[in-house]
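Have a look at the model first.

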Amino acid sequence: MINSLKKIINKFFPIRRILLTLPSRIIFGNTISFPNNIKPYFHKLNFIKRPIYKALYNSRNSEIKDLGFKKIKYNLNNNLIKSISAKFEQYISDDSICKFGTDKKSRHLYDPLKYIPEIKDLEILYKNEAKNFYSGEYKVHSSIAWRIYSDASYNKENKKYLYSNYWHFDDLPKDLLKVFILLSDNVNKNSGATRVIDVPTSKKLARTFKFVDNALPSITTPRVDKYVYRNDKINYFEGNKGDVYICNTPRCLHAATIPEEGKIRDLIQVELYPV
Ligand SMILES: [Fe+2]
C-alpha cells in the first residue's frame, strides 16, 4: 500500500514541480524555485559597500553575467598544481575519508580544503572575476572534490543517471557561482568534461518547454539534445590540470558527461556566495 502510494507520488512529482516553477520559467527563464530567483535582490541590499565596489569592479563587462560561465587558464607555478593533484590522488583512494557515490561510479572527498589547504592558493585565478560578478566581496560556502568513472551506458542513447548527468539547473540561489578546478589532463567531451549551455540559450530552452524537467529525461534529453547539437550550443569544460571554469549554475542548463571506457575525470568544486 505504502509502496504504491510512493509510486503515485513519484509519478506526479515532476508535474507538481513543473507547475510550481512556471513563474520562474516565464519570468526568469529557468526552473529553480521562485525564492531562489529573488534571493540575490536581497543580497544587493548592502547599500554602503555596493556602490564603492561597483565603481571599482564593474568597469568592465562580466562574461559570467552575460553567458553564465568563463574559462581561466592555469598560469601559476606548476609545482602548486602538481602538489594538489598528488594529494588528491593519495586521499581519493583512502576509504576512511572518501565515499563512493551511486553505483560506485563516483568517489567524493568532502571538504578538500581541510586535507589539501594549498587549494586556497588557486583563488588568485578566479578572485577578480568573482568580485566583478558580485560587484563586491564573496565567501566560500563549501568545497568538494571528486572523481567520476565510466559506465557501460556512456555511448548509449539512454544513459544511466549516475552523477547529475541529465540536463538541469541547480536549484540554489541564483547568484551562486561554482568554481570548477580541473584535476585531470586532457579533459574533453569524451573523457568527462562538464557540458554547459549559455544563459540566453538556457532561458530559451526553459521558456519554450524544450527543457521540461530533469526528472523526465526520456522527454527532456532528446528535446534539449536535438536543439543544442543542431545549433552547436554545448560548451564543454575542457582543459588540463589547474584550468578553472566559473559557472553560474542556477542560470545555465548543465550536465556531467560520462567518460568513455577506461577514462576518469577529477575535479575540485568551490561554491561562492556574495557577502
Ligand atoms: Fe548541477
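Let's start with strand E3 (residues 106-110), which runs antiparallel to strand E4 (residues 138-148) and is joined to E4 by 5 bridges. One handy landmark is Ser106, whose bridge partner in E4 is Ile148. Keep in mind that this is a predicted model.

E4 also pairs with strand E10 (residues 265-274), again antiparallel, through 10 bridges. Here Ala145 has Ile268 of E10 as its bridge partner. E10 is in turn paired with E5, in the antiparallel sense, over 6 bridges. And E5 is joined to strand E8 (residues 244-247) by 4 bridges, with the two running antiparallel.

The table lists these pairings with a residue pair for each.

| Strands | Bridges | Residue pair |
|---|---|---|
| E3 and E4 | 5 bridges | Ser106 and Ile148 |
| E4 and E10 | 10 bridges | Ala145 and Ile268 |
| E5 and E10 | 6 bridges | Leu182 and Leu267 |
| E5 and E8 | 4 bridges | Val179 and Ile246 |

How many residues of strand E5 (residues 177-182) are buried? The count is 6 of 6, so the strand is mostly covered, given that a residue is buried if 20 or more other C-beta atoms lie within 10 Å of its own. In a regular strand, side chains alternate between the two faces of the sheet. In E5, Leu177, Val179 and Ile181 point one way, while Lys178, Phe180 and Leu182 point the other way, and all are buried.

Strand E6 (residues 195-196) is joined to E9 by 2 bridges, and Arg195 stands opposite Ala255 in E9.

Now for the backbone angles. Most residues other than glycine have a negative phi. Lys104 sits in the loop between strand E2 (98-100) and E3. Is Lys104 buried or exposed? Lys104 is exposed, because it has 10 other C-beta atoms within 10 Å.

Asp111 isn't a glycine either, yet has a positive phi of about 50°. Asp111 lies in the loop between E3 and helix H7 (112-115). With 12 C-beta neighbours inside 10 Å, Asp111 counts as exposed.

Methods:
Residues are numbered from 1 along each chain as its sequence is written. This is a predicted model: local features need pLDDT of at least 70, side-chain atom pairs count only at pLDDT 80 or more; totals for chains, interfaces and linings use all residues. Two strands pair if DSSP finds at least two bridges between them.
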